[in-house]
Amino acid sequence: MRRCPVLLFLAWAGFLFLAGLWLFASGFLLLRVELPQHSACTPSPAPATALAMGSCWLPRRFARAVLVLVDALAFEFARFEEARPRPRPYENKLGALHHLAATQPHHARLYRFRADPPTTTMQRIKGLTTGSLPTFVDVGSNFASYAIREDNLLAQLVHNGRRVVFMGDDTWGGLFPKMFSRSYFFPSFNVKDLHTVDDGILQHLYSTVDGGDWDLLIAHFLGVDHCGHKHGPDHPEMAKKLTQMNEMISSLVDHLENDTLLLVAGDHGMTDTGDHGGDSEKEVNAALFVYSKTPLFRAGPPKEPETVPQVNLVPTLALLLGVPIPYSSIGEVMADLFEGDGDAVTAALSQLAAYHVNAKQVDRFLDSYALAAQDLPGNRLQQLKELFTAAAEEHAQLLAQVQEGLLALPELEAQLGRLRSHFQHYLREARAVCTTSWARFHPFRMVAGCALIAASCLLCYIASELASALDFYHHCFYSLFGGLLAGALLGWAHGDLDPILVASWVAAASQLGFFWHSWSQRPRRIHLASVRPPVASMGLWQRLRAWLEPALPLGILALRCGAMFSDSFVIAESRVVPFLLASLAMLWVGKLHWDGQLSTPPDAPKQPPGSLSCHKESRPLLGLLAALLVCLRLSSLFHQCRDEVLHCQPSPCLAPLSSLRSPQVKNLCYLLCVASLVGLVYAVRRWLRHYGNLNSTSPLVLFVRWGFPLIAFCIACYWAVTSGTEDTLGKLQELVQAALVAFPRAVYGLVATGLLLVLWKPVTVFAQDNRAAAGPIVTPYQGAPSSQADLLHVISQIYRRMQESLNSRLEGGSRWAAVAAYGLGSVYSAALIITLTLLGFFLLLLHSERMSLSFLLLFLEAFILLRLHVSAMSLAGEAEPFVVPWNAVIAWVLATAQFFYSTGHQPIFPAIHWNAAFVGFHEDHTTHLVPALLVAANTFASHILFAVGCPLLLLWPFLCETRGSRRKRLKKDPQDEEQEPLMEMRLREAPERFSAMLLQLGLKYLFVLGMQLLACVCTAMILRRHLMVWKVFAPKFLFEALGFVVSFVCLLLGISLVLHVDCAVSAWYRQLEPR
Amino acid sequence: MKDTEIKKLLFAHVFCVVSIILSTVIPSFFLENFSVLGTHLTWLCICSACVTTVNIFLYIIVKPNPSSKRSSFAHKISRFLKCCIYFFMSCIVFHGITVLYGAPLIQSVLETFLFAVLLSTFTTLNCLCMLGPNIQAWIRVFSKNGAMSIWDNSLQITTMCSIVGAWLGAFPIPLDWDRPWQNFCSEV
């Protein structure tokens, strides 16, 4: 088992996770690209006709509209049937709608209003205003806020000089900042509160309607929805709430004027338990009611209410109010509302005009979308294009014929009807294409992805248990390759080579190969195990105990995973993680004490009977525990806030220094930051010097000696420049701008140089060779010793040789041939530590100045954890220092999560530090790659550092083997009997074991990360109907998934770095041999 | 011998439990507006005082670990003082640990401290009564094979359960159920 298989196996295990993740994400995350274009009044898509003032594209039918949005108004709520024998609490409550529709059939009508999933309120509001199908991730949207950037109905109204008044749910305030001429927002967050929003709206509604300084009035009632969440639909409270809505509607109708259109709509329905968010029939079935005091419809109402997709509201309302249809709308106008009150032909013509405008706008949108993204299938778009051209040509011909008066009435009517159905067909097909691509969960893919991740976790666990059986992996690879091949074939046979499906087939098949192999090898292993004496002699109880050994840390891990299933715990995770880490550390130490390893046994010699004395190591252990707790507490000073948490103040350290007013405080903070930087450099150099890695003259050591202070200096200068106020230094402005770019770039360059040096020559060993030169004493000379010069040459050589042998004899017997190598015992860790420090500098630069304190804390806590791990191991008397216990791995992963929060991050999009993209760049990014990398590095700083540093968990116990001893020499001579501390060279004594244990560590780390990921994935899948899914769980899933990918890549890099150092050390030995 | 010990133990524990229950019930007859959730600070005080007296009382009556040698009065006084100091120190330590576990530092410091006192009465006071101010003995009892008598076992179990209970008490803090008792939890 050498280096390559380790990396291959780890990469394969990671690939399994990634394939599962990818499969899941393709089923869960609905993706759509947002287009930045906005529709304009001119050029109009309609043929040029004289339009009245204030109308765009088509003459407007209404001057004003009132949109009453009753959250979660399901169709069943709005339907009224007098014949019902025993109406349920939610039935027959909206009598006003029924009354209007029955007495004024040409003025009022009820529709089924089909919402598109995801049926969460925010997504629905987006859909109801943009006329598109918002998905969870609308690429191109501004993540820093929730504001809608896409073209929408409100923006069109405002652009065309209309006034929009809003009252109700405060979500709208975030979505449409500065759009409303007047607004009354009420808090929507508390689902238990049924009345605040509704009563607030009712206070203002009628007076605003009467006041008349508005063109569109939106009132968003939340009571029904909250009542559903709290009590469910089948509850007397719901009856009360709906009755209140009924009264509201009937009195609102009395306040309306003739030029006003009233729309009462539900944004989504609700399930029998009152939830929504998914795509079940009950959730998507909402109600829409239209009413106006002037007649709207020519014909009477149909028997069964028509079904209208929710996106149809936007084009309809836009054209009725005489504004352009928003650019990305894919809705179809509701033809009934465009008939007007002329004869049949005029009505059909005006309907056709609306359809034509609508179709032209959809066609334009599809063209632009196809340019911006490739997720709509090309052949379908081609078909759509053909449909549209045919219909548009037919329309033009028909119009020409009508103008010339060529057609007789019945034929004309038939043609008009046919053309209308063509337009309808086109628009519906277009919407269907978009829907299939944007608005469907794929439950099968989600379940399969989940299963794949779960199986990968199991695999990591089994493989890490088996890693000590060394020969296992050699055989394993054959079955893996078989699996890979079979999977690839299967994926290929499955059809059109969807990369996601191929990857998952390959993953699943190779996984099966592994499980089959480990199962078939089982009898042999049991046989091997029974041969081994210690296991055989173990009793049942002891074996059970050995199984229970990792139960405590794994229990903590289970708690952490379980906490992800509740939105409250996800919101409070920044406090949950330190709590769990502290508990883990306490349990760790407590268990040591419980097992009696902290105190020497009472029957030890020189102890008075009855009294126990503390073990020598136990005091530092307690000190470390206390220090860890203090670190955990201090790290909470750097937290960012989520907007769900009320009364939360984000840490003042997150703000840049330039935001500080008082110059004294600013200077003090600046000095503190610089001090932490200097402290970091000093600590690392001190550590390296202590282990003797600072003596050699290799370029890397020189870089550590001179480059580190230089980097720190550059960072300090950069901070000084950024924290200065803007307006001072008027003349030096250009210089300051240059410095703002130059210093970070210098740091990037230096860090890159350092990393390259680590890759090139990672060995920081100083060797002193005082062996005798081997070979003949006298260099043979050519020819006869004729000349005087030759003779002199030989004599001097003989003399020198004699002197050397005398010297060596005087120095004492056995040491005549030794190489003193300083820092060989810590050569692996030194390379890792140097890399980590370089990465730390880079990441620190991307954060705001005062976060450097948090980074210092990070390094300190990692150090404490390592020390704790070492002393726990030495106290437990672990016979096997190669095996890293679960405690340490889980603590390491928890610390990762803890510092994700303590570097000022939260798993929500508005909390991402976007300004990291402009450190060292002056708002002139040509590609998206660099800013994306910088922001990712900023966000996942702790993931990167802890994952790269993960191999330290394996190395550290060897390092501390000889604490206090100053002799770090390695004897080359096998005759040397004196026992020298070997430290990390022990690893080289058993290279097979070393790589196997490195693999085991990697697998354990992956397992713990994978379990967290699995919990997140399950949460997102199970709770996809939850109220909070798009606000809490889905972002959490995204961050966790990205964090997993980053951690995995960095883990692989860290382990390959260690293996690279191993190669370099071998080369160094070889170089030593022939001398 | 064993049976009488068990009886004594049962007696002591029943007494303790009754005292806790009484401490929640009785004060409502004397104090205006007393309720465990509403005036939790008062309740914390009363409960710790109650448990303390009951414990000391029990210790005097039952004498779980009767020491053979007679000691002088001065010795007894010094023992008592030592106990007091230990108790106070344990309060401080518990307070510190609670703060390190995430309790607010300045805000509601009184709650945190009273919680530490309560926890100390449940744990340290028991230890002091049973084992005296003798750290070595404590260390012995709280390890795997350290329990010598049934009293030691009961001490182990009660102390562990108190600490685990306090730890579990932190779990409902983040939940958003808006119940009044959550305020109570947040200081536990």
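Among contacts in chain A of this predicted model that link residues at least 6 apart in sequence, 81% join residues at least 24 apart. Chain A has 1075 residues, and 54% of them count as buried. Its secondary structure amounts to 37 helices and 12 strands.

**A helix pair in chain A**

Two packed helices are described by the angle between their axes and the distance between the axes. The axes of helix α29 (residues 827–846) and helix α33 (residues 941–948), both of chain A, come within 10 Å and cross at roughly 175 degrees. Angles over 145 degrees count as roughly antiparallel, and α29(A) and α33(A) are therefore roughly antiparallel to each other. The residues that meet are set out by helix below.

| Helix | Residue range | Residues in the contact |
|---|---|---|
| α29(A) | residues 827–846 | A:Leu832, A:Leu836, A:Leu839, A:Gly840, A:Leu843 |
| α33(A) | residues 941–948 | A:Ala941, A:Ile944, A:Leu945, A:Val948 |

By class, this contact of α29(A) with α33(A) comprises eight nonpolar residues, one polar residue and no charged residues.

**The contact between chains A and B**

Chain B contributes 24 residues to its contact with chain A, and chain A contributes 23 residues. Between them the two chains bury about 2,100 Å², of which 68% lies on carbon and sulfur atoms. On the chain B side, B:Leu100, B:Tyr101 and B:Lys144 supply 31% of the area that chain B buries against chain A, more than any other three residues.

Terms used
Residues are numbered from 1 along each chain as its sequence is written. Chains are lettered from A and ligands numbered from 1 in the order in which they are written. This is a predicted model: local features need pLDDT of at least 70, side-chain atom pairs count only at pLDDT 80 or more; totals for chains, interfaces and linings use all residues. Side-chain values use heavy atoms; hydrogens and water are left out. Axes are lines fitted to C-alpha atoms, for helices over the stretch in contact, and angles run from 0 to 180 degrees between N-to-C directions. Helices (H or I, at least four residues) and strands (E, at least two) are DSSP runs, numbered from the N terminus. Angles under 35 degrees count as roughly parallel, over 145 as roughly antiparallel, 65 to 115 as roughly perpendicular and the rest as oblique. Contact means heavy atoms within 4.5 Å. Ala, Val, Leu, Ile, Met, Phe, Trp, Tyr, Cys and Pro count as nonpolar, Asp, Glu, Lys and Arg as charged, and the others, Gly among them, as polar. Buried means under 20% relative accessible area, exposed over 50%, partly exposed in between (1.4 Å probe, protein chains only). Buried area is the accessible area (1.4 Å probe) that two parts lose on being put together, summed over both.
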